[in-house]
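Hi everyone, thanks for coming. Have a look at the model on the screen, and I'll walk you through some of it.

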Amino acid sequence: MELIRPDTRFDFIGKKKYTACISAFVLLLSLGSILFHGGLNYGVDFAGGILIQIRFSKRIHISEVREAMEKIGSKEAMVQAFGGENEFLIRIEKTQEDLETMSKKIQLSLQEQFKDRALEIRRVEVVGPKVGKDLKRKALWAVGLSFLGMLIYVAWRFREVSYGLGGIVALIHDVIVTYGALSITNREYSLTVLAVILTIIGFSINDTIVIFDRVRENLKKMRKENLETIFNISVNETLGRTILTSGTVMMVVLILFFFGGPVINDFAFTLIVGLVSGTYSTVYIASPVVLFWHHHVTEKRKRRK
Amino acid sequence: MLRSLNLRFFLYAGITVFAILLFLPTLTTELPTWYYKVIPTEKIHLGLDLQGGMHLVLEVEAEKAVESYVERIKNNLKDDLKDKGVPVGKIEREKTDRIIMEVSGEKARWEKVLSDRYPMLQELSSTPLEKGIWRIGLVLDSKQADHIRKNAIDQALETIRNRVDQFGVSEPEITLQGVDRILVQLPGIKDPQRAVRLIGQTALLEFKLVDDEADLEEALKGNIPEGDIILYQRVVDPKTGGVKKIPYLLKEKTLMTGDVLKDARVALDSQFHEPYVALEFDDIGAKLFEQITGANVKKRLAIILDNNVYSAPVIQERISGGRAQITGRFDTKEASDLAIVLRAGALPSPVKIIEERTVGPSLGQDSIRKGIISILISAVLVVAFMIFYYRVSGMIADIALILNVVLVLAALAIFRATLTLPGIAGLVLSIGMAVDANILIHERIKEELRWGKTVRAAIDQGYHRAFVTIIDSNLTTLIAGILLYQFGTGPVRGFAVTLCIGILANIFTAVYVTRLVFDFLTLKLGVKRLSI
């Protein structure tokens, strides 16, 4: 079977002016949303606070849970439906009070108030402000170091800074877009989401490397062609693989999204966004950056000599 | 070439069989006992988010241990100076590790007391005030302070371990994290709040005399006599549930603490059938208790736990034999928990719970069910897709894919790694990514065939060319995975583990195992047209 005919020659690189506009727009939208929301929407993991997941065996309306929380005196508590019908997530972001005592108080009071509804406390997470700050710092290090790791690896493998740079710019694009999507859909930035961000970083660079590898090979074969044409041929030659791999991964991620349950839902959503962005950025970000570098930096240096 | 084909076949088959054997205990518990002796593996360890349980991070407030040490030194110093005839005025602890005192008389005298008996104190300042009074500032030696802090943390770890052991949790994990944090993991715990109480309680047991000579009413107004303190007894009204606080005026000096305890057990009152905690002291404690009770007959002795007065019975006579009891209105559970914490000993300094994650067992089961469903659906879809798109070659890739999953599970079993919910997600993800290597190879082989190469040459070239790319792309993901492991905690680490193992297994199955099958087809069966 052939998905992509071998003589396919889409002019990917030639459209870089338009795609640059699209990229700029998406990036601005993402950054704008993050700024508009006053930064990332840090979950309990990073902000510190309390998260309690409860389930009732009988039908109950969310307003009843909200009322119960108000009775306890936690006005800042956010209550949201979670997964199944009678399941809710209560979230309190607070960094001042003794969280452990507060969580105990809430649990006891809820059990008391819903005595006849068979309340089940399914999950409790209490993260102190210090731990949250620690995790935030670690998260930053992890993302930063992975950027650095990828930059060094790609630059070393391809013996050229421009390739490393192209890969990294694509990665930064993916991470911003993913954070932006989280911000637009008002999803939380949790530890699990961080795990996905790092996976996306690995996956996106993986995609980029496949194309760069082909470029390197074609550079030897087609000495007369200019770099732009070689990039375009390479993207086309690997297009079948790009679509197939992204397709299979997308398939399983969609399955996680629909069947993985509510806890894993944010995980799957983030992956979907990152996957789309990662595939896009390989073609429309990483390659143009390398070309740009060659036009403006490498060529100039040659001329000077 | 053929010989090496056989060799490879047996090698890979051996690895596969071994992996299945490692993984078998996870699937069924009905294996003969000899099996476990031969195969060094257990059931795959499930994370707390899957099997339910509690994850606690405690911070040891080691500064408090330094504080109470300096407080003790201060009291001793005061007594010693008085003994040696040095007039002492004000003597107070300042901040954590400093003592400020006002003394008068001959300078040599107090300096001798300090240098002879208190080498751990360093003189910071000495300023003459009026009338031959000196104000001396002392500070605890920083090495000594560090030592106390370290001891406090070690002892806290030990004590919490003891308490958890006596509480009866299967496979608890209690480890030091960083400098002053203790990680406690309690799988499958039923009553998390009780566990929190049991672990977090300082459990400092003290015996102090009630000051019956001074006026309690006066003291409550703020005129507390020197050397006295006010502590409260909490009495819960069984009918209304309201808490009443009864004040006690006590001598500040602690006569005895819980570290002389040998045993603590729950017993039942023969008259009222109320549970109480029976204490038994060790030899030193028994002697001390005899002395104290002997010297204070007809006075009241308060039994205090963590600054709460439990009871304050009148000492009727000298008590020998080293036994005492704590009464109070507990239920049996409370009494048995109290006995546990007393037996395990007090924490040298308070601990604070800075992180708690509890997952109920039903949520964990839900997650496992949904995880398995996701794995099965995605496996079926990917397998079907590969056959649909690549025909026979797709089947070969599918063999590699299934083997990949088996290898990851076997690796989890043998390394005793923990499978978490994000870990399952990682497994699902690696099913999607595992076929990437085969797609790369197959696409390449197709290209080579298109360029007119023979089947053999195309396979050779396909693998050769794709290999570099596969290594490059997998290594980068591996870098991300390792960083994730380094900086992640708990469930996220589980994800990093499955991701990394998945990548390594993938290189083996997708590159080497499939190559063997292709070689078998072309060399042994002489296949001339490739179904790809």
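Let's begin with one pair of residues: B:Arg93 stands opposite B:Ile99 in β4(B). Before going on, a word on what we are looking at: this is a predicted model, in which local features need pLDDT of at least 70, side-chain atom pairs count only at pLDDT 80 or more, and totals for chains, interfaces and linings use all residues. Residues are numbered from 1 along each chain as its sequence is written, while chains are lettered from A and ligands numbered from 1 in the order in which they are written.

Back to our pair. Strand β4 (residues 98-104) of chain B and β3(B) pair in the antiparallel sense over five bridges. When I say helix or strand, I mean DSSP runs, numbered from the N terminus: H or I with at least four residues for helices, E with at least two for strands. Two strands pair if DSSP finds at least two bridges between them.

Where do these strands belong? They are part of an open sheet of four strands in chain B, ordered β3-β4-β6-β5, with antiparallel pairing. At the edges stand β3 (88-94) and β5 (121-128) of chain B, each with a single partner strand, so one side of each is left without a neighbour in the sheet. On average, neighbouring strands here are turned by 20° against each other, direction ignored. Helix α4 (residues 62-83) of chain B packs on this sheet, where it touches β3, β4 and β6 (133-140) of chain B, and its direction makes about 170° with that of β3(B). For such angles, axes are lines fitted to C-alpha atoms, for helices over the stretch in contact, and the angles run from 0 to 180 degrees between N-to-C directions. Contact means that the C-beta atoms of two residues, placed from the backbone, lie within 7 Å.

Now to a sheet that draws on both chains. Eight strands form an open sheet in the order β2(A)-β3(A)-β1(A)-β4(A)-β18(B)-β2(B)-β8(B)-β7(B), and the pairing is antiparallel. Its edge strands are β2 (78-81) of chain A and β7 (173-177) of chain B, each pairing on one side only. From one strand to the next, the twist averages 20°.

Which strands join the two chains here, and by how many bridges? Strand β4 (residues 119-127) of chain A runs antiparallel to β18(B), and five bridges join them. Within β18(B), B:Glu355 is the bridge partner of A:Val127.

At the chain A end, β2(A) pairs with strand β3 (residues 87-92) of chain A in the antiparallel sense over four bridges, and A:Val79 stands opposite A:Ile90 in β3(A). These two strands form a hairpin with five residues between them, and A:Gly83 in the turn has a positive phi of about 65°. At the chain B end, β7(B) and strand β8 (residues 181-187) of chain B pair over five bridges, also antiparallel, with B:Thr175 opposite B:Leu183 in β8(B).

Helices lie across this sheet too. Helix α6 (residues 142-167) of chain B lies across β2 (53-60), β7, β8 and β18 of chain B, at about 10° to β8(B). Meanwhile α11(B) lies across β4 of chain A together with β18 of chain B, running at about 90° to β4(A).

That brings us to the whole contact between the chains, which takes 54 residues from chain B and 55 residues from chain A. On the chain B side, the elements that give two or more residues are β18 (351-359), α11 (361-414), α12 (421-450), α13 (455-487) and α14 (490-524). The largest share of that side, 14 residues, comes from α12(B). By class, the side of chain B that touches chain A has 31 nonpolar, 14 polar and nine charged residues. Here Ala, Val, Leu, Ile, Met, Phe, Trp, Tyr, Cys and Pro count as nonpolar, Asp, Glu, Lys and Arg as charged, and the others, Gly among them, as polar.

Finally, the domains, whose bounds come from an automatic or database domain assignment. Chain B has domain 1 (2-52 + 360-524), domain 2 (63-141) and domain 3 (201-345). The centres of domain 1 and domain 3 of chain B, taken over C-alpha atoms, are separated by 62 Å. Chain A is divided into domain 1 (13-42 + 131-304) and domain 2 (49-127), and 39 Å separate their centres, again over C-alpha atoms.
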